[in-house]
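Student: Could we go through this structure together? I would like to begin with individual residues and then turn to contacts.

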Amino acid sequence: MFDTKKALWFIKSVADEQEYKVEENGETGLLVWLGKRHGVDFEISINASNYIQCNQWDEQEEEYGRAIYSIRSQSDVTHFCNILISSSLIRAKRRN
């Protein structure tokens, strides 16, 4: 059975390790971003259907848009964490 709270914990752990900014967003959510005004800025939350949805920041609207990822299994968690890892490694304006 998919444990959404453990999945959020794992996503938070990977985001912290990759030096994302991470904020708690209520009891069942996180805000995860590399830098404001950057495409890698997510609102991650457990929804009413008991799976994790991930909404991306919409700079034009200045709010989080509709969900772009539905995380419903441990494999989905792994895939999303790979997105976080890859995004932190190849983002624009990185410093060496």
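Student: Is glutamate 62 buried or exposed?

Tutor: Glutamate 62 is exposed, at a relative accessible area of 55%. Please keep in mind that this is a predicted model.

Student: Where in the chain is glutamate 62 found?

Tutor: Glutamate 62 sits in the loop between S4 and S5. Its phi is near 55 degrees, which is a positive value in a residue other than glycine.

Student: Which other non-glycine residue has a positive phi?

Tutor: Glutamate 19 has one, of about 65 degrees. Glutamate 19 is placed in the loop between helix H1 (4-17) and S1.

Student: And what is the relative accessibility of glutamate 19?

Tutor: The value is 67%, so glutamate 19 counts as exposed, the threshold being over 50%.

Student: Back to the other loop. Which residues form the negative surface patch?

Tutor: Glu59, Glu61, Glu62 and Glu63 form that patch. Of these, glutamate 61 lies in the loop between strand S4 (52-58) and strand S5 (63-71). Glutamate 61 has a relative accessibility of 52% and therefore counts as exposed.

Student: New topic: how many aromatic pairs does the structure hold?

Tutor: There are 4 aromatic pairs in the structure. One of them joins phenylalanine 42 and tyrosine 69, with ring centres 6.4 Å apart and planes at 55 degrees.

Student: Why is that pair of phenylalanine 42 and tyrosine 69 called tilted?

Tutor: The angle of 55 degrees decides it. Planes under 30 degrees apart would count as stacked and those over 60 as edge-to-face, so the pair falls among the rest, which are tilted.

Student: Which strands do phenylalanine 42 and tyrosine 69 lie in?

Tutor: Phenylalanine 42 belongs to strand S3 (residues 41-46) and tyrosine 69 to strand S5. The two are 27 residues apart in sequence, so their pairing ties together separate parts of the chain.

Student: Is phenylalanine 42 buried or exposed?

Tutor: Phenylalanine 42 is buried, with a relative accessible area of 3%. Tyrosine 69, by contrast, is partly exposed at 30%.

Student: What geometry does tyrosine 69 have with phenylalanine 80?

Tutor: The ring centres of tyrosine 69 and phenylalanine 80 are 5.8 Å apart and the planes stand at 65 degrees, so this pair is edge-to-face. It links distant parts of the chain, since tyrosine 69 is in strand S5 and phenylalanine 80 is in helix H2 (residues 74-90), 11 residues apart.

Student: How accessible is phenylalanine 80, and which aromatic cluster is it in?

Tutor: Phenylalanine 80 is buried, having a relative accessible area of 2%. Phe42, Tyr69 and Phe80 form one aromatic cluster.

Student: What about isoleucine 83: where does it lie?

Tutor: Isoleucine 83 is in helix H2. With a relative accessibility of 27%, isoleucine 83 counts as partly exposed.

Student: How far is its C-alpha atom from that of valine 40?

Tutor: The C-alpha atoms of isoleucine 83 and valine 40 are separated by 9.4 Å, while the residues are 43 apart along the chain.

Student: Last one: what is the place of glycine 26?

Tutor: Glycine 26 lies in the loop between strand S1 (21-24) and strand S2 (29-33). It counts as exposed, at 55% relative accessibility. Its C-alpha atom is separated by 8.9 Å from that of serine 45, a residue 19 positions away along the chain.

Notes. Residues numbered from 1 in each chain as written. Predicted model: local features only at pLDDT ≥ 70, side-chain atom pairs only at ≥ 80, totals over all residues. Heavy atoms only, no water. Patch = residues over 30% accessible without salt bridge, like charges linked within 9 Å, V, L, I, M, F, W, Y side chains within 5 Å. Areas by Shrake-Rupley, 256 points an atom, 1.4 Å probe, with all protein chains shown as cover. Salt bridge = Lys/Arg side-chain N within 4 Å of Asp/Glu carboxyl O. Lys, Arg positive; Asp, Glu negative; His and termini not counted. Charge placed at Lys NZ, Arg CZ, Asp CG, Glu CD. Helix = DSSP H or I, 4+ residues; strand = E, 2+ residues; numbered from the N terminus. Buried < 20%, exposed > 50% of the residue type's maximum accessible area, 1.4 Å probe, protein only. Phe/Tyr/Trp six-rings, centres within 6.5 Å; stacked < 30°, edge-to-face > 60°.
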